[in-house]
Number of protein chains: 2
Amino acid sequence: MSATIQPRSAAGRAASEPPGSGVVGLLAGSGRFPILFAEAARRHGLAVACVGIKGEAPEVLSGLCDSFDVVPVTTPSRIIGAFKRRGVRDLVMAGKVHKTVMYTPYLIWHVISDPRAVRVWFYGALRRNKKDDTILLTVIDEFAKDGLRFRSALDFCPELLVDHGVLTRRRPTRPELEDIRFGWELAKEMGRLDVGQSVAVKDCAAIAVEAIEGTDRCIERAGQLCRSGGWTLVKVAKPQQDMRFDVPTIGVATIEKLRESGAKVLAIEAGKTIVIDQPEVVALADRLGIAVVALDAAEVVSAD
Amino acid sequence: MSATIQPRSAAGRAASEPPGSGVVGLLAGSGRFPILFAEAARRHGLAVACVGIKGEAPEVLSGLCDSFDVVPVTTPSRIIGAFKRRGVRDLVMAGKVHKTVMYTPYLIWHVISDPRAVRVWFYGALRRNKKDDTILLTVIDEFAKDGLRFRSALDFCPELLVDHGVLTRRRPTRPELEDIRFGWELAKEMGRLDVGQSVAVKDCAAIAVEAIEGTDRCIERAGQLCRSGGWTLVKVAKPQQDMRFDVPTIGVATIEKLRESGAKVLAIEAGKTIVIDQPEVVALADRLGIAVVALDAAEVVSAD
């Protein structure tokens, strides 16, 4: 526990801000990302204190982390308390937490039973602004009061960020590239407004726009609405993306969902998108004839 | 048939462009709007030649119009031919045509069997742009080649456009007004990008954004995602709205759908939204405690 946290970036540089202990906190949502983070952190010689969001965090984390507490997302006091008990000062957020949990009838019960939840949720309610960015700022503030600092999980596993280029054997056709450009501008605008990350496009018309339902349900909807198939999904980071939180992520399940729903192209943002299990993602996309391409924002916009 | 078409606007002025015959064409989609138009046109002493879109136009139109042909939307030659046979030069579009019809497997069959469809749909395909606006421009061009001019159905029944004000007994609360303002800006942006007319908002977060699925399915989705209810639907005209086509429309079914899905507020744009059967809409909203408010774009934006 005496080593300092010094994960290395892809370029081999030491992370800029050396924290004070050899334990890193992991606030874990669903999916493979928290698992890959835990593995990477341990390769870096760090102890991992995991607090898993109830109903989201994969059970397998309990075997990969030095500690594993499970807490509902609506009780920030208990989340903060668990991290403090485990000696955490620096922590990361990894994995998906479904925003719809905010709108369950149970929220009020948790809020009543947790004074910090009053601050986190009711501050938001008073400001009447539950955009992702506003909620995150409130959460960050609340954690900071107890000396808990959020860092980017990607400092520990930068190899998860996709490189620029066409990942698959199939390249997008010229018309598909035009759909990508159309969708890219729309998706960036949706990100700027903090609405969502993904849009489904065909023939330069928006088939579906993601809001809080998430990418998978946006894909399903596009499949239902565009029964002839052959459409394109564009998923990008916000212009104001904070790489510590809610970085755009795709994986094998994304490709399967795209195939089920008749999509032929997936366009993502190079250097700002996590591709979980990239070799498997590419192999599956190749088998299904789906083109996957990672682009830079600059090249999409300058292609006019 | 010798009278000229001179419907009157709400202010009692004669319409600016006097057409050459006493028959007006009605290209009818679904819903009550084409019915109300047909009634209004006949009150103006006009003969109505209706071409109903197959699967969309209400049967009752056959009894209200002087002629009634039913044609698939994907065969523009047959639509134009029907209007010409009936001596139409000026026509209006009224009622909903679901855009998803474009993406059926049957499209190619219709296109092969109709040379004009080749132009209308494949011009769009060549341009790779099936945004509403692009399709409409192609359709307008194609009709114009045969001397058919589109006019606004609202010239004949301007009383369907909603006046400014709170329509219901219940007024939006201050937080609801903030959601309206947030949703308004987002919906206007969606309109500018020709994506859709409606957004569902709660606590200044976008619950659902309408694309081609239409307002009803956007409302249903918001209801599923926001299970605690109490959200706001904002439905506005595009900044570039052409009042001849696809004017935002609400009716009794909209209020019922909002109620089923837990919405508490409906905000629409004054002077640019058709309210079908307004007394019934308001009575139902009052009974259900839903606030309906018609605002001017200027007042929403200037309220900062």
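Author: Let us begin with helix pairs. An axis is a line fitted to the C-alpha atoms of a helix over the stretch in contact, and angles run from 0 to 180 degrees between N-to-C directions. Please note that this is a predicted model.

Reader: At roughly what angle do the axes of H8(A) and H8(B) cross?

Author: The two axes cross at roughly 155° and come within 14 Å. Angles over 145 degrees count as roughly antiparallel, and H8(A) and H8(B) are therefore roughly antiparallel to each other. The crossing in which H8(A) passes H8(B) is right-handed.

Reader: Which residues make the contact between H8(A) and H8(B)?

Author: From H8(A) come Arg217(A), Arg221(A), Gln224(A) and Leu225(A), and from H8(B) come Arg217(B), Arg221(B), Gln224(B) and Leu225(B). Sorted by class, this contact has 4 charged, 2 polar and 2 nonpolar residues.

Reader: Which residues of H8(A) are buried, and what covers them?

Author: Helix H8 of chain A spans residues 215-225, and its buried residues are Thr215(A), Cys218(A), Ile219(A), Arg221(A), Ala222(A), Gly223(A) and Leu225(A). Their cover includes, from chain A, strands E7 (198-202), E8 (205-209) and E9 (231-235) and helix H9 (252-260), together with helix H8 of chain B.

Reader: Turning to the sheet, in what order do its strands lie?

Author: Chain A has an open sheet of 5 strands in the order E3-E2-E1-E4-E5, with parallel pairing. At the edges are E3 (67-71) and E5 (149-151), each of which pairs on one side only. From one strand to the next, the twist averages 30°.

Reader: How many bridges join E2 and E3 of chain A?

Author: Strand E2 (residues 47-53) pairs with E3(A) in the parallel sense over 5 bridges. Within E3(A), Val71(A) stands opposite Ile53(A).

Reader: Which strands does helix H1 of chain A lie across?

Author: Helix H1 (residues 33-43) lies across E1 (23-28), E2 and E4 (90-94) of chain A, and runs at about 175° to E1(A). Helix H3 (residues 76-85) of chain A also packs on the sheet, where it touches E1, E2, E3 and E4 of chain A, and its direction makes about 165° with that of E2(A).

Notes: Residues are numbered from 1 along each chain as its sequence is written. Chains are lettered from A and ligands numbered from 1 in the order in which they are written. This is a predicted model: local features need pLDDT of at least 70, side-chain atom pairs count only at pLDDT 80 or more; totals for chains, interfaces and linings use all residues. Side-chain values use heavy atoms; hydrogens and water are left out. Two strands pair if DSSP finds at least two bridges between them. Helices (H or I, at least four residues) and strands (E, at least two) are DSSP runs, numbered from the N terminus. Contact means heavy atoms within 4.5 Å. Buried means under 20% relative accessible area, exposed over 50%, partly exposed in between (1.4 Å probe, protein chains only). Angles under 35 degrees count as roughly parallel, over 145 as roughly antiparallel, 65 to 115 as roughly perpendicular and the rest as oblique. A crossing is left-handed if the near helix is turned anticlockwise from the far one by less than a right angle, and right-handed if clockwise. Ala, Val, Leu, Ile, Met, Phe, Trp, Tyr, Cys and Pro count as nonpolar, Asp, Glu, Lys and Arg as charged, and the others, Gly among them, as polar.
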